[in-house]
Amino acid sequence: MPELTAEFFAFANVNNTIRLRQGKLLVRVSDLLEGAPEAVLRAIAHILLAKMYRKPIAREHSARYRRYVSSHHIRRKAHLVRQMRGRKRIESAQGRTYDLDAIFDDLNGRYFHGLLARPQMTWSRDHARNSLGHYDPAHNAIVVSRVFDHPRVPRYAIEYIVYHEMLHLKHPVKLRGSRRCVHSAEFQAEEKLFPHLGQAQQFLKRL
Ligand SMILES: [Zn+2]
């Protein structure tokens with residue numbers, strides 16, 4: 001077991017990270033979870049270590065964690081903190097056809113063990129076609145172009161756009177020398193795990 005440092009950290013949202021740096025493990029747990037019951041903190045430790053060492057996550061732990069985070073109390077606390085930390089309120093996640101919050105939560109469960117904290121999800125104000133979507137780290141928001149909020153757009157295409165932006169959330173932009181590496185090799189490898197990748201890219205290209 002390597003040397004380990006754990007701290008509560010003021011993320012903008014409920015979020016927990018683990019990284020291995022120079023042989024030491026650094027764990028950061030959202031300060032919104034300060035005061036969480038010990039069983040919940042144990043569940044977080046289990047999930048983070050399982051992630052780090054690529055071991056399966058025991059369902060009881062992921063369920064306990066998710067139950068706690070989605071509890072009324074912690075959601076309210078997160079909401080207040082977001083307001084205090086000056087998040088901008090933006091448009092809406094609920095479109096005419098698709099609900100971006102629901103799509104995020106579904107993808108989070110299916111591909112990220114429910115571990116990503118949901119940022120502000122919002123449809124863009126305009127119907128821009130030049131940008132499918134983007135992740136705005138300054139406001140911790142994923143913005144998807146409103147063009148895609150349409151019944152003729154298949155769900156897997158929206159899912160792909162959101163999945164791509166979720167990968168940006170998971171893999172923050174790294175500096176390689178002076179060059180920004182936006183889509184790292186890790187990012188691209190994980191993008192290929194999306195089951196409808198080819199279909200989605202083809203649909204978006206035709207649009
Ligand atoms: Zn990208």
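Helices here are DSSP runs of H or I with at least four residues, strands are E runs of at least two, and both are numbered from the N terminus. What you have open is a predicted model, in which local features need pLDDT of at least 70 and side-chain atom pairs count only at pLDDT 80 or more, while totals for chains, interfaces and linings use all residues. Residues are numbered from 1 along each chain as its sequence is written, and side-chain values use heavy atoms, leaving out hydrogens and water.

**Stop 1: the rest of α1**

Now colour Val-40, Ala-43, Ile-44, Ile-47, Leu-48 and Ala-50, which are buried (under 20% relative accessible area; partly exposed lies between the two cut-offs). Look down the axis of α1: these buried residues fall within an arc of 160°, so they line one face of the helix. That arc is taken from the directions from the helix axis to the C-beta atoms. To see what this face meets, show β2 (16–21), β3 (24–30) and α2, against which the buried residues of α1 pack; contact means heavy atoms within 4.5 Å. Just after α1, click on Arg-54, which has a positive phi of about 50°.

**Stop 2: helix α2**

Select residues 59–69 for α2 and pick out His-61, Ser-62, Tyr-65, Tyr-68 and Val-69, which are buried. Down the axis of α2, its buried residues fall within an arc of 135°, so they line one face. Turn to the other side of α2 to find Arg-59, Glu-60 and Arg-67 exposed.

**Stop 3: α4 and α5**

Next, show α4 (100–111) with α5 (155–170): they pack at an angle of about 70°, with axes 10 Å apart. Axes are lines fitted to C-alpha atoms over the stretch in contact, and angles between N-to-C directions run from 0 to 180 degrees. That makes α4 roughly perpendicular to α5, a label for angles of 65 to 115 degrees. Residues making the contact include Leu-100, Ile-103 and Phe-104 of α4, and Ile-158, Val-162 and Met-166 of α5.

**Stop 4: a loop serine**

Finally, go to Ser-124, in the loop between β4 (120–123) and β5 (133–136). Ser-124 counts as buried because its relative accessibility is 10%. Leaving aside residues up to four places away in sequence, Ser-124 touches Val-143, Val-144, Ser-145 and Arg-146.

Definitions and conventions:
Buried means under 20% relative accessible area, exposed over 50%, partly exposed in between (1.4 Å probe, protein chains only). Angles under 35 degrees count as roughly parallel, over 145 as roughly antiparallel, 65 to 115 as roughly perpendicular and the rest as oblique.
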